[in-house]
Amino acid sequence: MKEIRVCFPGGLRVDAEVDGRLIPTDQAVEEGGGGTAPEPFYLFLASIATCAGIYALRFCQRRGIDTRDMTLTMACEYDEDIRLYRKMTIDLKLPHGFPEKYRGAIIKSMDLCAVKKHILNPPQFEIKTS
């Protein structure tokens with residue numbers, strides 16, 4: 001079982017400790033926070049993009065493809081009516097000289113992202129106090 005410990009160091013900061021590493025969060029200044037760290041939801045969005053990114057990076061590394069000019073962006077389309085993001089488009093800018101024969105394969109590789117898989121197959125949540 002993986003355990004994440006959360007502490008409340010002051011203001012609107014809520015920090016998590018995972019495997020001995022601290023992940024700080026804060027709220028934006030306009031929301032009453034200090035703006036010292038990303039908001040928790042932005043970490044969630046970033047986890048999707050960086051997960052796809054690590055799959056793309058490893059795909060290239062395993063094939064000896066130079067990734068110096070490779071970039072990835074994720075555009076998030078927000079629906080004001082339901083106040084949720086409806087669509088996330090991940091766009092990988094392939095590095096110069098990327099072999100055309102691998103274009104479909106790298107997309108399939110990024111599609112294996114564990115974060116995305118958990119969104120598509122959500123875990124059960126239990127919230128309690130002790």
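Modeller: Helices here are DSSP runs of H or I with at least four residues, numbered from the N terminus; please also keep in mind that the model is predicted. On that basis, helix α1 (residues 40–62) supplies the largest share of a nonpolar surface patch, three residues.

Colleague: Which residues form that nonpolar patch on the surface?

Modeller: The patch consists of F41, Y42, F44, M88 and I119, which together have about 440 Å² of accessible area. Of these, I119 is found in helix α3 (residues 114–120).

Colleague: What makes C51 and C113 a disulfide?

Modeller: The criterion is a pair of cysteine sulfur atoms within 2.5 Å, and the sulfur atoms of C51 and C113 are 2.5 Å apart, so the pair meets that limit. The pair links distant parts of the chain, with C51 in helix α1 and C113 in the loop between α2 (103–110) and α3, 62 residues apart. The torsion about their S-S bond is about 130°, so the disulfide is right-handed.

Colleague: Why is C113 called buried?

Modeller: Buried means under 20% relative accessible area, and C113 has 2%, so C113 is buried; C51, at 10% relative accessibility, counts as buried by that rule.

Colleague: How do you know that C76 is in no disulfide?

Modeller: The nearest cysteine sulfur to that of C76 belongs to C113 and is 13 Å away, whereas a disulfide requires sulfur atoms within 2.5 Å.

Methods: Residues numbered from 1 in each chain as written. Predicted model: local features only at pLDDT ≥ 70, side-chain atom pairs only at ≥ 80, totals over all residues. Heavy atoms only, no water. Patch = residues over 30% accessible without salt bridge, like charges linked within 9 Å, V, L, I, M, F, W, Y side chains within 5 Å. Areas by Shrake-Rupley, 256 points an atom, 1.4 Å probe, with all protein chains shown as cover. Salt bridge = Lys/Arg side-chain N within 4 Å of Asp/Glu carboxyl O. Helix = DSSP H or I, 4+ residues; strand = E, 2+ residues; numbered from the N terminus. Buried < 20%, exposed > 50% of the residue type's maximum accessible area, 1.4 Å probe, protein only.
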